[in-house]
Amino acid sequence: MAENNDSKDGMTRRKFIQNTGLVVGGALGGGLLGGLIGNQTGQSPETAENSAENNNGAESPSEARMFFKRQDDFNVLSAASEVIFPEDESGPGAVQLGVPYYIDKQLAGGYGRNAKEYMKGPFFEGEPTQGYQAALTRDNIFLQGIRRIQQISSSEFNTPFQDLEEENQIAILEEFESGNISMKGITSTQFFELLRSATLEGVYADPIYGGNRGMEGWKMKDYPGAQMTYTSIMEDEEFSEMDPVSLRDHHS
Amino acid sequence: MTTELERVEAVVIGVGWAGGIIAAELTKEGIQVVGLERGQEKSLDDFTMQKDELKYAIRYELMQDLSKETLTFRNNSEQRALPMRQHGSFLLGTDVGGAGVHWNGQCPRFLPYDFEIRSQTVERYGEDKIPEDMRIQDWGLSYDEMEPYYDKFEKMAGVSGEDNELTAPRENPYPTPPMMETPLITKFKDTARNMGFHPYHLPSANLSEQYTNPDGQTINACQYCSFCERFGCDYAAKSDPLITVIPTAKETGNFELRPNSNVRRIDYDGERATGVYYIDTLTQEEFFQPADVVILTAYTMNNTRLLLHSEIGEPYDPETEEGVIGRNYCYQVGLAATGFFEEEKFNIFAGAGALGAAFDDYNGDNFDHENLDFLHGGMILFMQSGLRPIANNPVPPGTKTWGREFKQQSTKFFTQHYTLIMEGASLPSRNNYLDLDPTYTDEFGDPLLRMTYNFTDQDHSLGNHQMEIMEEFLYEMGADYVETLYDFGDYTIVPYQATHNTGGVIIGDDPEISAVNSYLQMWDCENLFVVGGSAFPHNSGYSGVTPTIGALAYRASEGIKLYLENEGGELVKAGPEKKMKS
C-alpha cells in the first residue's frame, strides 16, 4: 500500500508545505470564525446559504441526515464534495445539488454495507488487477476518511476543513488522491476515488435519490434525463436542446 | 432432507437465451421440460419506466448477487487467487432470461475462419505461425453447418441489419432492415470509406420495425430511448428470452418454469446424469429432480463450475495439458479510443443498444498476417447506445479528474466526444483456464470457480495494431485531440470490458481436447448437453457472442431430439470424420 508513515498523519509537515506552497500560519484566523458559525447553525456555511436560497432544500423533510450522526462529519463531507464538483458560472456545485444528502442516504442503505458484494474472508492485499480486497464496508471507509481529512486539516492548518480556503482544501484532497495519507485497512487513494465517484453519482443520478436537485446536474451537461424516446431527433443534424425529465415525471 | 420429485424427460439448468431456446424447441415437439432458474421470475412490468442509471447501470440491479456467489481471479498460477468482490470487468446476470435481458442487442455472426481457425491458419501461413502456448483449434463444425442455425436464431429474434462483403456470408437477408442512420453513423461510414474500409450497420436485436417471428411472438419497433445495456426493455423492442422463446415454450403446455431454484450439483453415476440437486432459495429446502436428459445452460462460468463440482469430465491441468473441463478460457481484447471535438456538438445521449456501424477489414483473416506478429483481429465500431451522465465524464488527455477544470471540461465534452471501440478476438493460451478455488466458497459452502487469466503477447500486438488505426481514423474524422491506449498491460478484473466470457466446456471432434461434440453432448456423459459461451474454443473479434450461443442452442436442440428418438447413444463418433449413429 502506498503509505507514508513519516509522521502520525502520514505526511510530513515539510512535505505538505512543499506540495502546497502555502504559509501555514496565514490560514488560522478566518478558519476559527468559520468553524464557529458552522457549529452554531448546525450547518456548514455553504449548506446554510444554500438552504436559504432553495425552497427544495431545508424545507424538504428528506433533507436530514440518515447516516452521519455528527454534524461535523457532514460538514466536512459537504465541503469535500464541493471541492470535487464546485459551483461556477456554468451552474451549481455539489452542495447546492444536494450531493451530501445523496451520499448520506446511500451510506445508510445497501451501498454503505456492500450488501450485494462478496465480503467473506480470508482477506489478503492482492494485486491491483484483482480489485477491492479490504474487509471495510463503505460506511466505515467514509467515516474514517472524512475524519482523517479533518485531522489533517487541524494538524496542518489548525482550521476545520470546511473553513479552509479552496486552494488548501484542494491541497489536502490531492494528498489523499496521491495515497500519501495513512489510513487503516485501505489506501487514501481508494477513499478518495470512492468520494469522487459518490460525488459524481450525486450530481448526475436521478433526483429521486436526493442529489441532482432540480435536474441542474443534467442541465449543465445538456443531458435530457429519462426520456421515453428519441425517435424524432435521431436523424437530425442539429444538436437538440431538450428540457430534461426525471423518473418523477413517469412514476405515479 | 431432500425431496425427490417425479422424473421428467428433460431438465434445463439456467433459463436464459440457451435454456429458453432449447425449452422452446423441445416442448414444441411434445417433450416435457422443467426449467430451473436460480433467480427470480421477471416480466415486462419489471422494466416499465425504469430509466434509472444509478440503480441499473451503476448498482447492477439485474446482476448476480455477489454476496451469495462470485468467482476468484488471478493473472497466473503463481499468484493467490482472490474473490471478485465487486462487479467490474464483466457482468454476471441472474433471474429468468439471464444475461439475455440486459444485453445491448449486438448480433454479429462469427466468420467462416473462426470455425476452422487452426486448419485455415496452418494452410495459409504454416504451422510455425501459431505461437508456442497458443491452443487454437477447429470447432468440429464448419460455418456452412452453422449457417442454418444462425438463420434460425436471427429469424426468432427478428435481427435488423444489412449485408456486407466482409462479414460472414448469408443464405437469407436479415429479417428486418437496419436501424436508423444517424449523422454520427454517417460520419463513421464516410470516414471509413475515405480510408478504403467497408463499413456496415451493426446487426441488432433492437428492431428497426415491429416483427412477428416464426413462433408467433411479436417484437416491437425500437423507440431509441438509450436504456438497453444493463436494463430490461420496457417496449418489448429488444429481443430477449422473456418475449420470445420462454412464452413459446410456455404456450405448448409442456414447460414448467421454476424460478428461485438454484442447482448445486448434477448427479452422475459414472456414465450418465441421473438428475439434479437444487435449493429452493426462498425456503432453503433441497430437491432432487430426476431426468432422462440434463441440459446445462447456465452462463459460461457456472457451466464449468457445476461440472467440476459434480465431478463430471476430467478437469484441465495446465502443467500436463490433460483433461478438458476448464480448458481454453477466453475473453475479449476490448479497447477504446476517444476523439474530442472543440466545435461540434452531438446528440450522443440518444441511441439504442446495438445502434451503430463497423468495419471488418481488420477482423478474422480478412487481411494478410504474413508480416504481423498476431493472428485474427477484431471489428472496429462506433456504437450509438446513448450515453448516460454518471458513467461518462470524458476529458481531454492530461485534464484533472475533479475540481473546476474537470467540471468545465467534462460537462462540455460530454456532447463533444466520439468513441471508437475495437472488439478483438481472444485466442486461447495453455495458461489461461478455469478450475475450482481451494479457499473461497459460496453461500452453501461449495467452492467458487477460480479464473487464471492474463492477456498474451498476441493480445498486445493485436491491440496496438488496431489502436493505430483507430487513432488515425479519429483524426481523419476531424478530432482535435485523441485519447489512446497502447500497451495495455495485464488483464484487470476492475474496469468493465465485455461480458463475453467463453470456453471451459469446449466443442470439438476430439475428446482429448474438447468436452462436448458438435451437438453439445458431453463425450463423458451422453445424456448431458452443455450449451453456452462455454462451448467456444476461442472468442472471435466481434461485439457480441449471443447469436453464436443461440445458433449452438438450436443445434443442441436437434441433438437432444435425436438422442431421445434414438433412446440414447453418442450422436457423433470421435475423430475428424463425423458420422451420426443411426
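Helix H1 (residues 17-28) of chain B has these buried residues: B:Trp17, B:Ala18, B:Gly19, B:Gly20, B:Ile21, B:Ile22, B:Ala23, B:Ala24, B:Glu25, B:Leu26 and B:Thr27. A residue is buried if 20 or more other C-beta atoms, placed from the backbone, lie within 10 Å of its own; with 12 or fewer it is exposed, and in between it is partly exposed. Eleven of the twelve residues of H1(B) are buried, so the helix is largely enclosed by the rest of the structure. Helices (H or I, at least four residues) and strands (E, at least two) are DSSP runs, numbered from the N terminus.

This is a predicted model: local features need pLDDT of at least 70, side-chain atom pairs count only at pLDDT 80 or more, and totals for chains, interfaces and linings use all residues. Residues are numbered from 1 along each chain as its sequence is written, while chains are lettered from A and ligands numbered from 1 in the order in which they are written.

What do the buried residues of H1(B) pack against? Their partners in chain B include strand S2 (8-13), strand S3 (33-36) and helix H11 (546-566). Contact means C-beta atoms, placed from the backbone, within 7 Å. After H1(B) comes B:Gly30, with a positive phi near 90°.

Now turn to helix H6 (residues 183-194) of chain B. B:Leu184, B:Ile185, B:Phe188, B:Thr191 and B:Ala192 are buried there. Seen down the helix axis, the buried residues fall within an arc of 130°, so they line one face of H6(B). That arc is taken over the directions from the helix axis to the C-beta atoms. On the other side, B:Arg193 and B:Asn194 are exposed. The buried residues pack against strand S6 (199-201), strand S15 (356-359), strand S16 (378-383) and helix H10 (457-477) of chain B.

Six strands of chain B form an open, antiparallel sheet in the order S6-S15-S16-S17-S14-S20. Strands pair if DSSP finds at least two bridges between them. S6 and strand S20 (481-483) are the edge strands, each pairing on one side only. Four bridges join S15(B) to S16(B). B:Phe359 stands opposite B:Ile380 in S16(B).

Last comes the meeting of the two chains. Chain A gives 53 residues to the contact, and chain B gives 51 residues. On the side of chain A that touches chain B, H8(A) gives the most, with four residues.

Conventions
Contact = placed C-beta atoms within 7 Å.
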